[in-house]
Amino acid sequence: DLSLQSGNVLITCGEKAKVLTAYDLFNTQTSAYSTGASITSSRAEEAVTSAIMNVVSEKSYKVAVLSGHDETELPVLTSLLEQNTYQVESVHLAVGEIPEDTNVVVICAPLRDYTEEEIRLLEKFLDNGTMYGKNLLYIADPTQPSLPNLELFLSDWGINLESGVVYETNVNNVISMNPYYAIAQYVSNDATEKYTEKFASRSYPAAMPSARPLSIAFEAKGSRSTATLLQFSAESGVAPVDAEE
């Protein structure tokens, strides 16, 4: 059932197969002075290793990227997930529920609020018939309008969305001398250890450009708890979105 072309690389294991094209194997760059693209570097090892992981993996993880509220599209994140054995699909809550076998739901900076029924579907997904074990990734953006239903839902899980955009005054904590391209610090304590131990290395800077500030609504409430994994330095601040230049 695969559409193969000359030069494709086919990785197979049992019934699973993954096709790699030249664009998967090499980084390319287009030029204003030519009609084609030139190869700038190889990413063959990364691509082939990822394809092997994909076909030999016995368990597949499914990611649902929600749409229907003018969310920001995430082609780079989607590509990264698919390269690492995740199955990604778009889900519109207005026309259907989140599939039961979904592991992760991603909501990226919607510009229109979710309905109460859609919020109920998110709660149902996370509750998972009291079995829990599901994940939701919410990405906020400083340019979003007020979204009362969605913001109330997040606050019920201990996360407050604040307005404005984070800036950093310490030049050692920014990239390219841009105060709005701030570097966040890793937080390590008993509450975060089970997450921070998963980082490949804490020596890599965690760049958070044009970040919307978040705050914790509570540390513990009933069966729910909230912990900070990354935070900006004490020398950072928040600029209002409508601030004059």
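## Pairing of S5 and S6

In this predicted model, strand S5, which covers residues 61-67, runs parallel to S6 and is joined to S6 by seven bridges. Within this pairing, Val63 is the residue that stands opposite Val88 of S6.

## The sheet around this pair

The pair belongs to an open sheet of four strands, whose order is S6-S5-S7-S8 and whose pairing is parallel. Its edges are formed by strand S6 (86-92) and by strand S8 (135-139), each of which pairs on one side only. When direction is ignored, neighbouring strands of this sheet are turned against each other by 25 degrees on average.

## Overall fold and packing

Taken as a whole, the secondary structure of the protein amounts to six helices and 18 strands, and the C-alpha atoms fill a box of roughly 55 × 50 × 35 Å when this is taken along the principal axes.

Of the 245 residues, 28% count as buried. Where contacts between residues at least 6 apart in sequence are considered, 66% of them join residues that are at least 24 apart.

## Surface and charge

The accessible surface of the protein comes to about 15,900 Å², and carbon and sulfur atoms account for 52% of this area. As for charged side chains, the protein carries 33 negative and 15 positive ones, with the centres of the two sets lying 8 Å apart.

How values were computed:
Residues are numbered from 1 along each chain as its sequence is written. This is a predicted model: local features need pLDDT of at least 70, side-chain atom pairs count only at pLDDT 80 or more; totals for chains, interfaces and linings use all residues. Side-chain values use heavy atoms; hydrogens and water are left out. Two strands pair if DSSP finds at least two bridges between them. Helices (H or I, at least four residues) and strands (E, at least two) are DSSP runs, numbered from the N terminus. Axes are lines fitted to C-alpha atoms, for helices over the stretch in contact, and angles run from 0 to 180 degrees between N-to-C directions. Buried means under 20% relative accessible area, exposed over 50%, partly exposed in between (1.4 Å probe, protein chains only). Contact means heavy atoms within 4.5 Å. Accessible areas come from the Shrake-Rupley method with a 1.4 Å probe; for residues, only the protein chains shown count as cover. Lys and Arg count as positive and Asp and Glu as negative; His and the chain ends are not counted. The place of a charge is taken as NZ of Lys, CZ of Arg, CG of Asp or CD of Glu.
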